[in-house]
Amino acid sequence: MDPRQRLIVALDVSSSAAARKIVAAVGDSAHAYKVGMQLYTAEGPAIVRELTGSGRRVFLDLKYHDIPNTVSAAVREAAQLGVSMLTVHATGGAKMLRAAAEAGHAVNPDLLVLAVTVLTSLDDADLNMLGIRGGILDQVLRLAALALSNGCQGIVASAQEASALREEFGRDFTIVTPGVRPAGSGADDQARVVTPAEAIAAGASYIVVGRPITEAPDPAAEARAILGQLAA
Ligand code: C5P
């Protein structure tokens with residue numbers, strides 16, 4: 001895969017103007033952008049239409065989690081906006097996951113419906129408080145199995161989880177990995193970070209990078225450096 005196809009830049013800003021500035025600064029170094037709940041809540045679908053309309057791929061990270069009918073309706077709308085990937089919470093259960101996948105594919109057979117398993121902000125004690133026994137990795141693997149067997153095309157996972165997921169379920173699904181930092185840069189508030197090359201080696205199909213690019217003095221140069229590390 002062309003390294004440029006693997007890089008997703010997170011537009012974690014609160015205005016379309018700020019998002020446009022990042023997209024213009026990144027230029028040709030990335031083709032895909034993540035729109036999450038901050039930007040979407042502030043600016044709505046217009047920014048998504050603008051990005052897809054200008055030929056960019058959009059990863060809509062709204063982590064849908066509701067009854068199957070509601071989620072499938074939302075996924076249909078998202079697919080009609082032209083997004084390439086979107087997220088749902090695997091804990092919505094088998095019926096919700098299947099409804100999401102089917103609704104998305106009815107609009108766009110190439111849409112990647114990705115499941116979020118366990119938020120990386122949670123630890124074993126948090127899971128315990130939610131009534132979930134066993135460790136985080138057990139829960140990640142259980143939810144990934146549920147998502148993949150109910151029509152989802154992939155999983156959002158840390159690099160650490162990615163290698164376990166590849167071992168367990170093979171190569172025939174997508175893994176999107178955040179928490180990536182170019183070799184030699186700081187970690188921001190990410191607890192565990194990996195380099196772009198480490199993420200791909202662990203089994204990631206795509207990497208999501210936010211602040212290292214969006215807050216760089218020269219975002220295009222930073223994106224090119226990451227592409228160089230991906231290619232190496
Ligand atoms: O700025 P940074 O590169 O840390 O941004 C990473 C992006 O990936 C953010 O949008 C963040 O919400 C998201 N993310 C994450 N870790 C997860 C899931 C999503 O950092 N486990």
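On a 1 Å grid over the protein atoms alone, a pocket is an open set of points where a 1.4 Å probe fits, with protein on both sides within 12 Å along at least five of seven lines, and its lining residues have an atom within 4 Å of a point. Grid points are joined across faces, edges and corners, and a volume is the space filled by probe spheres set on the points. The model examined here is predicted: local features need pLDDT of at least 70 and side-chain atom pairs count only at pLDDT 80 or more, whereas totals for chains, interfaces and linings use all residues. Residues are numbered from 1 along each chain as its sequence is written, and side-chain values use heavy atoms, with hydrogens and water left out.

The largest pocket holds about 890 Å³ of space. Its lining comprises 34 residues, of which K63, T120, P178, G179 and Q190 are the closest to the centre. Helices (H or I, at least four residues) and strands (E, at least two) are DSSP runs, numbered from the N terminus. On this basis, β2 (32-36), β3 (57-64), α9 (159-169) and β8 (206-209) each contribute at least two lining residues to the largest pocket. Sorted by class, this lining has 15 nonpolar (Ala, Val, Leu, Ile, Met, Phe, Trp, Tyr, Cys and Pro), 9 charged (Asp, Glu, Lys and Arg) and 10 polar residues (the others, Gly among them).

The second largest pocket contains about 180 Å³ of space. T120, L122, I136, L137, S158, Q160, E161 and R192 line it. Two or more of these residues come from each of α8 (136-148) and α9. The lining of the second largest pocket has 3 nonpolar, 3 polar and 2 charged residues.

Attention now turns to strand β4.

Two strands pair if DSSP finds at least two bridges between them. β3 and β4 run parallel and are joined by 3 bridges, with Y64 opposite V88 in β4. Strand β5 (residues 112-116) also pairs with β4 in the parallel sense, over 5 bridges, and here H89 stands opposite V116 in β5.

A crossover is right-handed if, with the strands pointing away from the viewer, the path from the first strand over the helix to the second runs clockwise. β3, helix α5 (residues 68-80) and β4 form a right-handed β-α-β unit. Another right-handed β-α-β unit consists of β4, helix α6 (residues 94-107) and β5.
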